[in-house]
Amino acid sequence: MQIIDKIYLDGAFVEPHGTEWFDLFNPATEQVTGRVRLADAVDAARAVEAARRAFTTFSRSSRHDRLDMLQRMHRALAAREADLTEAIVEEYGAPASRAQWMARHASDVLLDAASVLQDYPFTRRAGSAEVIMQPLGVAGLITPWNNDAGFIAGKLAAALAAGCTAVIKPSEMSAMQTRIVTEALHAAELPAGVFNIVTGRGETVGAAIATHPDVAKLSFTGSTAVGKSILRGAAETLKRTTLELGGKSPVLVLDDANLEEAVPLALQAGFMNSGQACIAGTRILVPAAALRAFEAHVVKAIAEIRAGDPRDAATSIGPMVSQKQWDRVQRYIRIGLEEGARLIAGGVGRPEGIDAGWFVRPTVFSDVTNDMTIAREEIFGPVLSIIAYHDIDDAIRIANDTAYGLQAYVLSSNIARAHDVALQIEAGRVLVNTLRHEPAAPFGGFKQSGIGREYGTFGLEAFMEPKSLLGVA
Ligand code: NAD
């Protein structure tokens with residue numbers, strides 16, 4: 001049983017003012033494996049105060065110093081990769097290969113930010129003016145449970161590269177992963193107060209950060225509902241706000257796609273991170289004429305997809321993170337059935353042979369129409385909808401008929417055609433025949449998938465404000 005009873009304030013591990021204890025579960029066994037003592041609003045205020053004090057000096061640090069810090073943070077986090085991988089499997093239930101990727105990604109994002117910072121022009125000219133990109137101030141970074149270490153490291157890297165100091169509020173469900181990240185970042189020996197980590201509840205610690213007058217910038221990743229409440233709270237002091245929210249991403253299978261390749265890719269896009277991914281491709285749009293053939297390929301491919309023990313190398317879908325998430329996914333499967341969608345794989349309940357753990361059956365519905373609940377709402381589990389379309393204009397219309405716009409996938413054997421389709425999709429990223437990530441490119445959503453961008457130069461600039469000087473040259 002792990003007991004986590006400290007938060008990280010002003011360069012030190014300290015006892016929180018908050019006194020609530022929160023249980024941590026292994027989702028593969030439903031057993032309590034740890035307890036975390038949560039921070040409260042007083043701790044949040046102390047963290048903001050520490051970050052505010054540190055900002056005065058840190059905002060004037062040189063590019064060289066910040067690059068050096070990012071390198072040290074990278075080395076320190078990379079040194080804990082094995083521990084982090086283990087915690088991701090234990091606390092989150094990610095299949096081992098996915099957990100390994102997630103742990104590596106957390107240290108990689110620090111180098112990605114360093115490479116952007118390396119050549120970034122903080123000063124430039126606009127007509128007769130000198131334009132200086134200036135750090136915003138204290139940044140509040142609020143992250144979800146579905147990629148704890150990666151989100152903490154990625155947001156912190158961009159904030160520090162810009163010259164901001166930070167208060168981080170990770171998900172209370174990820175305290176074991178957060179502990180490892182915090183210990184690693186502490187070992188990187190940054191100046192006290194530059195970053196502070198307060199694990200606590202969203203409605204107390206998160207809300208305190210999101211409304212604190214000394215927080216200039218918010219970067220939030222999480223659900224669209226909470227994102228909207230954060231934006232409302234931030235309005236009072238006009239905080240600059242980046243929101244990375246939910247998605248209901250379309251996978252457009254064009255009529256020239258090779259189904260042998262398209263089906264496995266579509267299933268991987270849908271089931272990534274056990275379906276608990278904002279970018280999961282959950283609406284698969286298939287030409288009506290190819291529907292039966294596509295379904296047959298899906299049924300065959302899904303028989304090879306294993307949901308179960310995340311430590312088993314053959315597993316590609318782990319458990320849902322919590323009982324609440326399991327219940328939610330079950331509810332959506334029932335709604336799909338009630339609304340007349342046709343189940344071609346999976347269904348309610350646990351996979352065969354599993355009687356404990358928050359495992360769900362990899363589920364695919366066909367004959368889904370885009371107005372059904374399962375096609376409109378983010379389920380956040382391995383439940384996919386196949387929607388038939390008549391022609392390419394119909395496909396694009398259906399793809400864009402959603403409140404979200406985070407990511408889309410186009411599968412085709414004709415790149416020029418896929419490119420043309422990609423240009424017509426309302427989404428922050430469109431992936432053609434690939435699931436690759438590009439850290440230099442902006443990431444973020446259209447419509448209710450968010451505001452602003454992370455990664456690359458766009459992500460760095462989200463922590464800065466331009467200032468124009470006239471008459472100085
Ligand atoms: P969530 O919105 O419930 O929580 C996210 C974070 O916000 C947590 O740290 C939570 O404690 C905090 N929070 C909750 N209420 C708050 C409040 N009133 N004020 C301030 N903070 C508050 O999301 P989740 O369930 O942890 O994560 C899943 C969601 O995140 C999904 O909707 C998913 O699509 C989204 N997500 C988006 C991206 C992206 O990059 N666009 C990436 C991953 C996850």
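## Burial of S219

A residue counts as buried when its relative accessible area is under 20%. In this predicted model, S219 has 2% relative accessibility and therefore counts as buried. S219 is part of strand β11. The side chain of S219 makes a polar contact with the side chain of E454, at 3.5 Å.

## The ligand site

The shell around the ligand has 28 residues, and those that come nearest are T143, K169, S223, L245 and E378. For T143, a polar backbone atom is 2.7 Å from an oxygen atom of the ligand. For K169, a polar side-chain atom lies 2.6 Å from a ligand oxygen. For E378, an N or O atom in the side chain is 2.6 Å from an oxygen atom of the ligand. On its own the ligand has 850 Å² of accessible area, and the protein covers 87% of this.

By class, the residues of the shell are 14 nonpolar, 10 polar and four charged.

## Cavities

How many cavities of 30 Å³ or more does a search of the whole structure find? The search finds three. The largest cavity holds about 260 Å³ of space. Its lining has 22 residues, and the closest to the centre are G154, K155, A158, E454 and Y455. E454 is also the residue whose side chain makes the polar contact with the side chain of S219.

The elements that give two or more residues to the lining of the largest cavity are α4 (96-118), α5 (148-162), β11 and α15. Of these, α5 gives the largest share, six residues. The lining of the largest cavity divides into 10 nonpolar, seven polar and five charged residues.

## The second largest pocket

The second largest pocket has a volume of about 310 Å³. It is lined by 13 residues, of which I305, P351, E352, R361 and P362 are the closest to its centre. In this lining, eight residues are nonpolar, one is polar and four are charged.

## Two residues with positive phi

Most residues other than glycine have a negative phi. F380 is not a glycine, yet has a positive phi of about 65 degrees. F380 sits in the loop between α12 (373-376) and β17 (383-389). Is F380 buried or exposed? F380 counts as buried, because its relative accessibility is 15% and the cut-off for buried is under 20%.

Y455 is likewise not a glycine and has a positive phi, of about 75 degrees. Its place is in the loop between β20 (450-451) and α15 (456-461). At 23% relative accessibility, Y455 counts as partly exposed, because that class runs between the buried limit of 20% and the exposed limit of 50%. Y455 is also one of the residues closest to the centre of the largest cavity.

Note on methods:
Residues numbered from 1 in each chain as written. Predicted model: local features only at pLDDT ≥ 70, side-chain atom pairs only at ≥ 80, totals over all residues. Heavy atoms only, no water. Near = heavy atom within 4 Å. Polar contact = N/O pair within 3.5 Å; in protein donor to acceptor, adjacent residues only side chain to side chain. Areas by Shrake-Rupley, 256 points an atom, 1.4 Å probe, with all protein chains shown as cover. Nonpolar A, V, L, I, M, F, W, Y, C, P; charged D, E, K, R; others polar. 1 Å grid on protein atoms, 1.4 Å probe; cavity = no way out; pocket = protein on both sides within 12 Å on 5 of 7 lines; lining within 4 Å. Points joined across faces, edges and corners; volume = space filled by probe spheres on them. Helix = DSSP H or I, 4+ residues; strand = E, 2+ residues; numbered from the N terminus. Buried < 20%, exposed > 50% of the residue type's maximum accessible area, 1.4 Å probe, protein only.
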